[in-house]
Amino acid sequence: MDRPARKTSVASEATSEVSPARLVAILLGPPGAGKGTHADRVEAEYGVPHISTGDLLREHIAGGTELGRQVCGYMDRGELVPDQLIIDLVTERIGQPDAAGGFLLDGFPRTIQQAVALEELLQEKQTPLDVVVLLEVDEELLIARISGRYLCRQCGEDTNIAGLDSPPASCPYCGGELYQRADDRLETLEERLQIYRQQTAPLVEYYKGEGLLRWVDGAGSVEEVAERLIEALGAG
Ligand code: AMP
């Protein structure tokens, strides 16, 4: 399929030495919409890194870093980490060489303040944002997906036990031990959904106003949703 064209405001740079970014995009959507699952397909399709702030923070926690210690309480409670910590983390990550040709952001921005900081950052890099895709899934499905999600301590794959008569006792891929993320438990999940409605959902209007928003129906098989998503990104 065709790669998304760059915005006309920077098209003239194509003749300069700056190589054009292949895709700079944001994947927006509530927890459980499948952003991480589909972002990996997009990463393969466009050859740009999938940058998930949730994954970056979990790596810091696992690595026992100072940032990890600062954020783990917020994450376990399902609350947002303070904006400035996240903005610094993203600034550092998108400055790395593998992000020079573009990137797909997942889980960032989550507040208007983060969106404004991102805009400033992209302006400094003279890299326009191509498209923002909103992955839409109704709340009942989100709750079923997340509260049934278990991860493997060994291989990291996730398994969904929602609706299964006999949930697996161990990872179906490698036999490793399964565990549930603290913030996927029902009580915490409700808090995350509430925060999404209050703090993140306003970004829909924000990006609609900028003419960058596309909608994708997040219900259906992984393959179906990934196809829709790739099409929507290409339409940016
Ligand atoms: P996720 O894996 O995207 O669901 O993120 C897991 C948790 O990481 C969230 O519930 C927040 O505590 C924290 N987090 C991830 N991204 C952000 C962000 N952009 N702003 C604030 N907190 C974040």
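1. Which residues does aspartate 98 touch, not counting residues up to four places away in sequence? They are Pro49 and Arg93, where contact means heavy atoms within 4.5 Å. Aspartate 98 sits in the loop between H5 and E3; helices (H or I, at least four residues) and strands (E, at least two) are DSSP runs, numbered from the N terminus. The side chains of aspartate 98 and arginine 93 are joined by a polar contact of 2.8 Å. A polar contact here is a pair of N or O atoms within 3.5 Å; within protein, one must be able to donate a hydrogen and the other to accept it, and residues adjacent in sequence count only if both atoms are side-chain atoms.

2. A word on the ground rules, before going further. This is a predicted model, in which local features need pLDDT of at least 70 and side-chain atom pairs count only at pLDDT 80 or more, while totals for chains, interfaces and linings use all residues. Residues are numbered from 1 along each chain as its sequence is written, and side-chain values use heavy atoms, with hydrogens and water left out.

3. Back to the pair in point 1. Aspartate 98 counts as partly exposed because its relative accessibility is 39%, whereas arginine 93 counts as buried because its relative accessible area is 12%. The classes are buried for under 20% relative accessible area, exposed for over 50%, and partly exposed in between (1.4 Å probe, protein chains only). Arginine 93 lies in helix H5 (residues 83-94). Leaving aside neighbours within four places in sequence, arginine 93 is in contact with Pro49, Ile51, Leu56, Asp98 and Ala99. For a sense of scale, aspartate 98 and proline 167 are 69 residues apart in sequence and 39 Å apart in space, C-alpha to C-alpha.

4. Next, the ligand. It has 16 residues around it, of which Thr53, Arg58, Glu79, Gly107 and Gln114 come nearest; a residue is near a molecule if one of its heavy atoms lies within 4 Å of it. Helix H3 (residues 53-62) gives the largest share of this shell, 4 residues. By class, the shell divides into 6 nonpolar, 4 polar and 6 charged residues. In this scheme Ala, Val, Leu, Ile, Met, Phe, Trp, Tyr, Cys and Pro count as nonpolar, Asp, Glu, Lys and Arg as charged, and the others, Gly among them, as polar.

5. Some individual distances to the ligand are worth checking on screen. A backbone N or O atom of valine 81 lies 3.0 Å from a ligand nitrogen. A side-chain N or O atom of arginine 110 is 3.0 Å from a nitrogen atom of the ligand. Arginine 192 places a polar side-chain atom 3.1 Å from a ligand oxygen. Taken alone the ligand exposes 480 Å², and the protein buries 95% of that; accessible areas come from the Shrake-Rupley method with a 1.4 Å probe, and for residues only the protein chains shown count as cover.

6. Threonine 200 belongs to helix H8 and is classed as buried because its relative accessible area is 4%. Apart from neighbours within four places in sequence, threonine 200 is in contact with Leu28, Pro109, Arg110 and Ile195.

7. Two backbone features deserve a look. Most residues other than glycine have a negative phi, and most peptide bonds are trans. Phenylalanine 108 and proline 109 are joined by a cis peptide bond, with omega about -5 degrees, and proline 109 is in the loop between strand E3 (102-106) and helix H6 (112-124). Glutamine 126, although not a glycine, has a positive phi of about 50 degrees. Glutamine 126 is in the loop between H6 and strand E4 (131-136) and counts as exposed because its relative accessibility is 53%.

8. Glycine 68 is in helix H4 (residues 66-77) and counts as buried, at 4% relative accessibility. Glycine 68 is in contact with His60 and Ile61, leaving aside neighbours within four places in sequence. Alanine 232 is in helix H10 (residues 222-234) and is buried, with a relative accessible area of 10%. With neighbours within four places in sequence left aside, alanine 232 is in contact with Val131, Val133, Arg214 and Val216.
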